[in-house]
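Please read the following briefing beside the sequence and the 3D view.

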Amino acid sequence: MVILQCDDQYFKWLILVLESLRAYSNDVSLFISIFNGTADMKHECLNIYPTAIVELDLDNSYKLPIDQFSISECMAVRKGFVLADVCDRFKIDWAMMLDVDLLCRGSLISFIDDLMTDNIDFAVIDSNVKSKNDIKRMYNSSVVFVKNNAFYIAQRWVELMRGSSVIKGHAPMVWFWDQVCLAELVEQVQSDINIRYLQRSTVL
């Protein structure tokens, strides 16, 4: 299942990525979560992608600290919560979270089939930044793929982001906190699972 999430201010980007997915006949299961969304937004999404599951989050269902941090910081972190939620609620073989400011430029189906047939549990974009001094950019969280045998990884990412401890010198919830926690997650699990490091330009 492909997963997209945004708030009402990023809705125009959501529409663009939906149109790009449709343009390349990406007939995949799709879940969309819109924070502060409206019924009209849901209807517009379904007009483009009728088989999508579209949920509106009107009450901050993941209890993110929107009263303490900017909406941009909270939305960046929220992606992991939506991913873990979908992995928990739906009987699916795989989940792939995509940022809504990406554009699809080909078929995702063969790309996903390749990940599914290979001995891969988890895939993430390697930003080719290996310096420990720039952990927040080591792994880009704009594409995160996980197979159902490793769905617990999504929950572990959430636990790291929900935590109140500084990670490698970075304070919780500040910009790039999602990627700081992703780098910490990869470090924790890399000896236990098979990880593929993706190039962002592959199909997006």
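D118 is found in the loop between α4 (108–117) and β5 (122–126), where helices (H or I, at least four residues) and strands (E, at least two) are DSSP runs numbered from the N terminus. This is a predicted model, in which local features need pLDDT of at least 70 and side-chain atom pairs count only at pLDDT 80 or more, while totals for chains, interfaces and linings use all residues. Residues are numbered from 1 along each chain as its sequence is written, and side-chain values use heavy atoms, with hydrogens and water left out.

**Surroundings of D118**

- With a relative accessibility of 34%, D118 counts as partly exposed, a class that lies between buried (under 20% relative accessible area) and exposed (over 50%), computed with a 1.4 Å probe on protein chains only.
- Not counting residues up to four places away in sequence, D118 touches K147 and R196, where contact means heavy atoms within 4.5 Å.
- Between D118 and R89 there are 29 residues in sequence and 25 Å in space, taken from C-alpha to C-alpha.

**F31 in strand β2**

- F31 lies in strand β2 (residues 30–35) and is buried, with a relative accessible area of 1%.

**Aromatic pairs**

- The structure holds five aromatic pairs, where rings of Phe, Tyr and Trp (its six-membered ring) pair if their centres lie within 6.5 Å, and planes under 30 degrees apart count as stacked, over 60 as edge-to-face and the rest as tilted.
- The pair of Y139 and Y197 is stacked, because the ring centres are 5.8 Å apart and the planes stand at 25°.
- This pair links distant parts of the chain, since Y139 is in strand β6 (residues 139–147) and Y197 is in strand β7 (residues 195–198), 58 residues apart.
- Y139 counts as buried at 6% relative accessibility, whereas Y197 is partly exposed, with a relative accessible area of 33%.

- Q179 lies in helix α6 and counts as buried at 8% relative accessibility.
- Not counting residues up to four places away in sequence, Q179 touches I135, K136, R137, Y139, N140 and S141.
- K168 is placed in the loop between α5 (152–162) and α6 (177–189), and K168 has a positive phi of about 50° although it is not a glycine.
- F176 is also in the loop between α5 and α6, and F176 has a positive phi of about 80° although it is not a glycine.
- At 39% relative accessibility, K168 counts as partly exposed.

**The largest pocket**

- About 510 Å³ of space lies in the largest pocket; on a 1 Å grid over the protein atoms alone, a pocket is an open set of points with protein on both sides within 12 Å along at least five of seven lines, and lining residues have an atom within 4 Å of a point.- The volume is the space filled by probe spheres set on the points, with grid points joined across faces, edges and corners.
- Of the 21 residues that line the largest pocket, the closest to its centre are Y10, A76, D99, D101 and W175.
- The elements that give two or more residues to this lining are β1 (2–7), α3 (71–89), β6 and α6, and α3 gives the most, with five residues.

How values were computed
1 Å grid on protein atoms, 1.4 Å probe; cavity = no way out; pocket = protein on both sides within 12 Å on 5 of 7 lines; lining within 4 Å.
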